[in-house]
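Here are my notes on the model, as numbered points. Please read them with the coordinates open.

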Amino acid sequence: MVPGVRLVVLGKQGAGKGTQAVRLSHHYVVPHVSTGDMLRAAVKAQTPLGRRAKALMDRGELLPDELIMEMVGERMAERDVQTRGLVLDGVPRTVNQAKMLDELLSPARLDLVIDLEVPTSQVLRRLAARRVCVDCGTNYSVFAPPLVNWTCDICGGEVVQREDDTEAAISRRLELYERQTAPLLDWYREAGILVPINGTGSPDVVTQRIIRAVDHRKRRQEGS
Ligand code: AMP
C-alpha cells in the first residue's frame, strides 16, 4: 500500500467543505489542496489564469476540467503530496475530473470520499453569513467572526464576503452541483469509498464524525 492519507471532501456550497478540509489536513498532517483557494490566489495575483478564471467564478460557473486538473496535477507532483497524501477540497467537481484524478494519483488511490450532507435551506443560511480571509482562505461567519475587527485570527489578513457569494452566483453553483457534481456520488459509491457524513451541527462535532469514519476505514485497510 502507498503510505499517507488521500481524502476528498465533497458537499454542496456552504456544507462546510473548506472548514472540514482544513481541519482534516491538520489532523492527519497532510497538505490541504483547495482549487477555490488556488484560483482566488491567481485572481489576486492577476496571473493569466486568474484573469480568465475571475469572470467565470463571479458568475458561479465551473472552469474547464483540463485547466483545473492541470493546476491540481502540478500541485500533486510536489514532494509533500507524493510522500504524505492530501485532502482535496473543491475538486473533483465532475465525473471527468474524478477520472483524471485517478490517473494523477496512480499507483496510489483515494482512501475515502467524504460527502457532507446538509439540507439546502441550511446551506443557503450559512452562505449568506459566510466570510473568508482573503489571504489564507480561513472561513468565518457573521455569527462566529474573527476575534479582532475582521482580521484573520490565523494570518491577520482581511476577512470579507466572497465576491461570488451573491444570490445569483450561489443559485447557479447549487444548480451546477446537482447537475455536474451529484453524479460523482454514485461514481464513488460504486467504487466503495463514499462515506456520507451528517454535516449539520457544530464544526467540532462534524470533524469528530469524519475522523471516526476515516480511522475506521484506515484500520480496515491496514488489517486487509
Ligand atoms: P470553491 O471555493 O470551491 O467554491 O470554488 C470557487 C469557484 O472556483 C467555483 O465556483 C468555480 O468557479 C471555480 N472552481 C473551483 N474548483 C473547481 C473545479 N474543480 N472545477 C471547476 N471549477 C472550479
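1. Start with Gln46. This residue sits in the loop between H2 and helix H3 (48–59). The model is predicted, and in it Gln46 takes a positive phi of about 55° without being a glycine. Most residues other than glycine have a negative phi. Is Gln46 buried or exposed? Gln46 has a relative accessible area of 55%, so it counts as exposed, the cut-off being over 50%.

2. Trp150 also deserves a check of its backbone. Its phi is near 55°, positive in a residue other than glycine. Trp150 belongs to the loop between S6 and S7. With a relative accessible area of 33%, Trp150 is partly exposed.

3. Next, the surface around that residue. Trp150, Val142 and Phe143 make a nonpolar surface patch of about 330 Å². Phe143 is in the loop between strand S6 (139–141) and strand S7 (159–160). Its relative accessible area is 71%, so Phe143 is exposed.

4. Now the peptide bonds. Most peptide bonds are trans. Which residues does a cis bond with omega of about 0° join? They are Val91 and Pro92. Pro92 lies in the loop between strand S3 (85–89) and helix H6 (95–105). The bond from Ser106 to Pro107 is cis as well, with omega near 10°. Pro107 falls in the loop between H6 and strand S4 (112–117).

5. On to the ligand. The shell around the ligand has 17 residues, and Thr35, Arg40, Glu61, Gly90 and Gln97 come nearest. By type, the shell divides into six charged, six nonpolar and five polar residues. Which helix gives the most to this shell? Helix H2 (residues 35–44) does, with four residues.

6. An N or O atom in the Arg40 side chain is 3.0 Å from a ligand oxygen. For Arg162, a polar side-chain atom lies 3.1 Å from an oxygen atom of the ligand. For Gln13, the corresponding distance from a polar side-chain atom to a ligand oxygen is 3.5 Å. The ligand taken alone exposes 480 Å², and the protein buries 97% of that.

7. Last, Ser34. This residue is found in strand S2 (residues 32–34). Ser34 has 5% relative accessibility, so it counts as buried; the cut-off is under 20%. A polar atom of the Ser34 side chain lies 2.9 Å from the backbone nitrogen of Asp37.

Terms used
Residues are numbered from 1 along each chain as its sequence is written. This is a predicted model: local features need pLDDT of at least 70, side-chain atom pairs count only at pLDDT 80 or more; totals for chains, interfaces and linings use all residues. Side-chain values use heavy atoms; hydrogens and water are left out. A residue is near a molecule or strand if one of its heavy atoms lies within 4 Å of it. A polar contact is a pair of N or O atoms within 3.5 Å; within protein, one must be able to donate a hydrogen and the other to accept it, and residues adjacent in sequence count only if both atoms are side-chain atoms. Accessible areas come from the Shrake-Rupley method with a 1.4 Å probe; for residues, only the protein chains shown count as cover. Helices (H or I, at least four residues) and strands (E, at least two) are DSSP runs, numbered from the N terminus. Ala, Val, Leu, Ile, Met, Phe, Trp, Tyr, Cys and Pro count as nonpolar, Asp, Glu, Lys and Arg as charged, and the others, Gly among them, as polar. Buried means under 20% relative accessible area, exposed over 50%, partly exposed in between (1.4 Å probe, protein chains only). Patches are made of residues with over 30% relative accessible area and no salt bridge: like charges are joined within 9 Å, nonpolar side chains (Val, Leu, Ile, Met, Phe, Trp, Tyr) within 5 Å. A salt bridge is a side-chain nitrogen of Lys or Arg within 4 Å of a carboxyl oxygen of Asp or Glu.
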